[in-house]
Structure formats: C-alpha cells, structure tokens
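Welcome! Here is a friendly briefing to read alongside the sequence and the 3D view. Take your time and find each residue as it comes up.

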Amino acid sequence: MESNTRKVQMMQNVHLDPETDEDDLYSGYNDYSPIYDIEELENDAAFQQAVRTSHGRRPPSKTSLASSIGRPVTGAIQDGVTRPMTAVRAAGFTKAALRGSAFDPLGQSRGPAPPLEVKKKDSPEEKIKQLEKEVNELVEESCIANSCGDLKLALEKAKDAGRKERVLVRLREQATTPENINLDLTYSVLFNLASQYSVNEMYAEALNTYQVIVKNKMFSNAGILKVNMGNIYLKQRNYSKAIKFYRMALDQVPSVNKQMRIKIMQNIGVTFIQAGQYSDAINSYEHIMSMAPNLKAGYNLTICYFAVGDQEKMKKALQKLIAVPLEIDEDKYISPSDDPHTNLVTEAIKNDHLRQMECERKAMAEKYIMTSAKLIAPVIETSFAAGYDWCVEVVKASQYVELADDLEIKKAVTYLKQRDYNQAVKIFKMLEKKDSRVKSAAATNLSALYYMGKDFAQASSYADIAVNSDRYNPAALTNKGNTVFANGDYEKAAEFYKEALRNDSSCTEALYNIGLTYEKLNRLDETLDCFLKLHAILRNSAEVLYQIANIYELKENLSQAIEWLRQVVSVVPTDPQVLAKLGELYDREGDKSQAFQYYCESYRYFPCNIEVIEWLGAYYIDTQFWEKAIQYFERASLIQPTQVKWQLMVASCFRRSGNYQKALDTYKDTHRKFPESVECLHFLVRLCTNLGLKDAQEYARKLKRLEKMKEIREQRMKSGRDGSGGSRGKREGSASSDSGQNCSASSKGERLSAKLRTLPGTNEPYESSSNKEIDASYVDPLGPQIERPKTAAKKRIDEDDFADEELGDDLLPE
C-alpha cells in the first residue's frame, strides 16, 4: 500500500504537454518582457530625454525599481535595511554599509594592499636562527670529514662549532629566558668535539670535554659516556682508571638494557687481561657466558684459562665456545621444491647483505674455535697429539663438523714443526681419502714435503692429485709449477704460475716464482715487471727488493741496482751478503771509499767471508797499509788453514813493512807446515841470502831436491797421460806443468792460480764442499802472485812496482 501511495504522489508532480503542442517544440522562446526590448530604444522619447539630462544619473526610486523589475535588486535598500547578497556574511556584507553606497565585496575601491613587512636581519631572533643553522652545518661537516679520514679537518670543524655554539648560548640568554636554550645542540657539539679529540689522540682534551658533559646535570643519560672515558684510559694503559669508569658507566645503565651491560662487562674483561689480572677477567667472562654467551667472550675465557694453566677449565671453555648459538638458518637458502617463484627468491637472498653478515659471523666463529684448539691442544693432555685428538672429538660432536679435518691438518703441521716428517706424511695420506677440499690441502702439503726432499717425481704426482681435486687451489698450482721448474721446463712452469694468479691474484708465491722463471728465460723486462708488482704488494720484503736489484745488475744498470740494494739494507741492515754485494757494486763503479765502507760492515757482521777478507786485505795493500792487511790475511789463514797462500801473504806484508825478522819467522813457520811448498822455499832462499844467513844453503838444497822430485813426478804423470789418454792424467799433467812454471821465477814474479771455495750464505750451514768458486790473484813482491777477484783495483796492483828485485844493503836493518 505504501508503494502505491508513493507512486500516486510522484505522478501528481508530472505535467504532460497537451497534444496540440507536440508539433511546436520551440514555442514560448520568443515571449519576453517588453522592458528588455532594446531594439526600439532609439524611438523611445522618455529614454532619450533621460540620456540627455541628469535624470538618467539619479538613482532609481523604490517604486520605479519595484514596478519595473518586480522584485528587490540584490543589495538594494528596502524598508531601511540593506538586503544582504547571500546568507554568508563573509562575502562582503556589513551592517554599517552606507545607504546607496556601491557594492564592493573585494574592497577594490580601497586600492592595492600594502606590501608585507620586511623582517629585520639585525633582529635577535634572526641572528639566533642563522647562528644555530651554522653550528649544525659545522657539526655535520666535522662528521663527514671524520668518515673520509681527514681527522685534522674534522677537529677544526668541531672546534669552530664549539666556538659558535658558545656565542649562540650568550645570545639566547640575552634575548630569551634560559629555559629556551637548545640543550640537544649543546650536547651534540660537545660530544662531537670530544670524539674528534679522541681520534686525534689528544686524550687530555677529550677527557676534559667528556667531563664537562658528564658533570652537567641538565644532560640526561650522559653517564653512559663514561664508557668512552674508560676507553681513553685503556688506550693510555691506565688500567685502574679504565676499570673504574667502566664500572661507573655500568651503574648508569639500567638492567633492562642487557646488551649494553654485556658490552661494558666485555670491556672490563679486556682491561683485566691487558693488566695481567686473569682471575678477575675470568670472573667477568664467566658472568657473561652465564647471562648471554657470545663468541668473543668464550674465546677470551679460553685464553684466560690457558694463561692460568687450568687444563680442565680450558676444556670446558672450549666446549662453551663451541656451544655458542650462531643463530644462522642454512635451510632457508636451500630451495625445498621446484616452484620457480621460490627458486627465484632463494637465489635472490643467497648473496644479500644478511647472508654476507651470517657468513662473516660463521667465519669468525670458526677462526675462534680453530685458534683456541690450536692453543690448548699441546697442554691439555700429556702430548699434543692426544690434545688434538680430544679437540677433534669435541668438534665432531658439534655443528662445526667440517673443522675436524682442519684440526687434523694443524696436527700434521705441528709434526712438521717438530721435524717428525713420518707422522706428518702419515696424517696427510690419511686425509687424502677425504672430500675434495681436504684432499687437495693434504696433497698440496705432501707435494711440498717431497719437493723439499728433492723427490720431484713424488712431488709432481701429489701436485697432480691436488690440482685434480681442486683446480682453483693456487697453492697446488704453484707446487705443480715448482716441480716443472725443477725439471727445466720453464715455459710450462710459467703457465701453471699464471693459472694460479688467475685463480688468486694475491698469491705472492706464484708471482715471485714466475719472476724467477722469466729470469731463467732471459726475459728481463717481464721479470722486472713481476717483481715491481710484487713490491707494490709486499712493500718491505727484502727478498723482492734484492731480486729487483739483481735484475738491474743483469741489465748493467748499476746505479739503479745500488739504489735498490740500499733499500734492502734499510730493511735488513745486518745482512752481510747484501752489504758485501753493495761493496762489490760500488767497487765496479769505481767508488772505493763506499765499497770499503760496506765491505767493512759486512766483515763486522760476518768475519768469515773469504771474499770480503780478501778484498779488504787487497785494499790495504793497495793503500800500502801493510800492518792492517796482515790482520785480514791472518784471519783468512785461520778460516782456511790448508791454504798456503794466506801464510805467504802475511809474510809478504811483514817484509814490505820492513819487519824482515818477522817475515823470516813466518816463512819458516810456513815451511814447517807446508814442506812441499816451492814458493815458500824460494822466498826463504832469497831472503836468507840477502840477509846473509847460513840457512840459505840448507833451504837451497831442499829447494833443489823438491824441484827434482817434482820433475820426476811430472815425467811419470806425463808418461801415464800419454799411455792412457784419460782425462784424469790430463788434469794432473796440467797441474804439474803449472807447478813447474811457478818454479821458474821471472823479474815480475810468478803467478799462482788457486780456486777458492767460498763460504755459504748466512742462512745456510757451513759446508767445505760448496760449489761456488772464485779466482784470487795478488802479485807478490818476491815472485809468486796470488789471485783475487777481478775488480777495478786489480789493474793498479798488477802494474804497481812490486817487481821481484834484489834486496840491497839499504834495505837491511842497521
């Protein structure tokens, strides 16, 4: 019923057009009021009269407006009250509007609005605002400079911020009440200044600034900054004050902030360790491990127990360290299904920042566990092997199962350090049966062991196993290159070294070895490039610097070789071989004074190098300081007591210095030690003859008999050589002919050529059978000449007036 009633009411408001109007759709549009007809205004007399007179400018009357329009005009006055425009008063209507005034709701009749009042720049508020902005900018610039590593600039900016902030505080106190001071800005300025003082190692200023902050009661929670003060005292090694401030800071931290309290207690433990108070450190770390165990605390606790020597506590500490949860879920990086969307998500998170953090945490845990096990294994049991076995069992029962094999390798390396190679090889061969990573490591060590034992076949075999197990193992590739290098295939060795460098560009061993390979191939420029690259990595490596100097020497650039050797001396100033090499290069350059200086330094650190002794003796002979030359030749005779030439050189120096009696005694002593020395008998005969001694005839008979024996021996050796034609007879015949030639003295004296076996380097054991040989030569005044290294001084010695002349009466002592 209601719906029907509503429809009836709606139909009452609907008006239908009559049927007669259906054809005229536009009817009624031309009907309008005659008042709006403007086409006949020119013919309207009344309108024209009004336009010509002032009648048209008078306001219309109420009756005319009402009669003409039919309703009041908007804004017109009716019954003494102005009719409002709208129902909203804000549109411009006011009750105080004058009767007959023009309608102006926007106030355009008043003219343009006055300009805005300009703020004065000198006003206190504007100064405070601008200064506050500058202080904030200085603090920000200081922090940025610190992050960029420019600590000096950061400190300057922090000081400027502090100065301007004090000016700002004074301005605020003058302009406003003290309650409006910006405490946050003051705190940030002081804290930044103290931090910059600390990083610039201006600890006294930093402590004073922190003290200003801590003592100000207006700064809430400023007591936590006592941790920073404790850190400064720890850097100054003032352990008692550091612990005091750490504990004061610990009192300021509420118990709900558990993480901060644990960190402060870790600082206290570290301070106790550095102070040597291991018992107090143990108390701190045990509390941490009971409240919130973490890796660093467990590692430090193990070290403290090791320091106090408590074996059982060491074991428990290692177990606690292994039990620290890593909080890493490895399963989320494994795709459980074949869903493409899930696989994409898994691939996306496999190397994100969270995954990298988890990998770093796991690597740190493995490092702490391995270091702790390596530290305590030799002391927790009766032997280090039993200790390693216990550590391996504990690790196998934990989540770090893969570390057990690494501990086995550490155990084998410990055997190597103790020179128990059989046990080390046994362990490595056992690990060779493990997975590819451990197998490669074990085979690499076995290859190195066999290589050092000169068993290149076994070394090459195990190097192949290591490379096949892990082709990206740079150590295995380097060992393989070493075995190929030992066989003389330098090109192939270079390929293995290059592959090792492609897998690991920081493999310095491969880079060093490829430099040696290029040197063997006489590719000196490439060798120099390799060692210069290695020098950029290892800045203070004496071996690398020496190799660079050696390459420059091979390229005959002696000045550069000297410069690099001087860098070697700056790294290892007591190496006698390097000092001797510098002396040799300076000698070749003709700088005798520098050569003498470095040879003397080499002799001071290692007074048993025959080459250095011989050079120094020849130098003093060249400068005619015979007495100083004697001490070096006497040293040489002690080092090589079977060489007759050193005794002859000592006697010759005595004779040249005028001490004929000492020279005669030395010759006689030499004759007793070397009765078959023809040269010594020659000298004795001539010296005794010139001195008028009766022993001259006896020595002459011995000389004649010795020469006759040598002639017979020479004939026998010659006949044997002619009969057999062997190489040995040839060598002996050559030696006898040389001896026979030395027996005949000439006016300049005879020369005796001798091959001297030099001493090994400082890092090698002494071996008399060393294969290094030198030629020594020296023209003795009385005839025979002993050879020495071919240096710039040799020509002068050979051409000196050391002719074998007769001793006149003027040379005899009175």
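Lys 702 counts as partly exposed at 27% relative accessibility (buried means under 20% relative accessible area, exposed over 50%, and partly exposed in between, with a 1.4 Å probe and protein chains only). Lys 702 forms a salt bridge with Glu 698, and their closest N and O atoms are 3.8 Å apart. This is a predicted model, in which local features need pLDDT of at least 70 and side-chain atom pairs count only at pLDDT 80 or more, while totals for chains, interfaces and linings use all residues. Residues are numbered from 1 along each chain as its sequence is written, and side-chain values use heavy atoms, with hydrogens and water left out.

**Salt bridges**

- A salt bridge here is a side-chain nitrogen of Lys or Arg within 4 Å of a carboxyl oxygen of Asp or Glu, and by this rule the count comes to 20.
- Side chains of opposite charge can pair when their charged atoms come close.
- Glu 698 and Lys 702 are about one helical turn apart because they sit four residues from each other in helix H34 (residues 695-724); helices are DSSP runs of H or I with at least four residues, numbered from the N terminus.
- Glu 698 is partly exposed, with a relative accessible area of 37%.
- Arg 523 forms a salt bridge with Glu 491, with 3.6 Å between the closest N and O atoms.
- That pair links distant parts of the chain, 32 residues apart: Arg 523 is in the loop between helix H23 (508-520) and helix H24 (524-537), and Glu 491 is in helix H22 (residues 490-503).
- Arg 523 is partly exposed at 26%, and Glu 491 is partly exposed at 43%.
- Asp 525 forms a salt bridge with Lys 555, the closest N and O atoms being 2.9 Å apart.
- Asp 525 lies in helix H24 and Lys 555 in the loop between helix H25 (542-554) and H26, so this pair ties together parts that are 30 residues apart in sequence.
- Salt bridges also link Glu 553, Lys 581, Glu 584 and Arg 588 in a network.

**Aromatic rings**

- The structure holds 21 aromatic pairs; rings of Phe, Tyr and Trp (its six-membered ring) pair if their centres lie within 6.5 Å, with planes under 30 degrees apart called stacked, over 60 edge-to-face and the rest tilted.
- Tyr 599 and Trp 615 form a stacked pair, 4.4 Å centre to centre with 25° between the planes.
- Tyr 599 is in helix H28 (residues 592-605) and Trp 615 is in helix H29 (residues 610-622), so the pair ties together parts that are 16 residues apart in sequence.
- Tyr 599 is buried at 7% relative accessible area, and Trp 615 is buried at 4%.
- Ring pairs join a cluster whose members include Phe 596, Tyr 603 and Tyr 632.

**Nonpolar cores**

- A nonpolar core is a set of buried Ala, Val, Leu, Ile, Met, Phe, Trp, Tyr and Cys residues joined through side-chain atoms within 4.5 Å.
- The largest nonpolar core has 87 residues, and Tyr 400 and Phe 428 are among those that touch the most other members.
- Apart from that core lies another, of 86 residues, including Leu 545 and Phe 633.

Technical notes:
Helix = DSSP H or I, 4+ residues; strand = E, 2+ residues; numbered from the N terminus.
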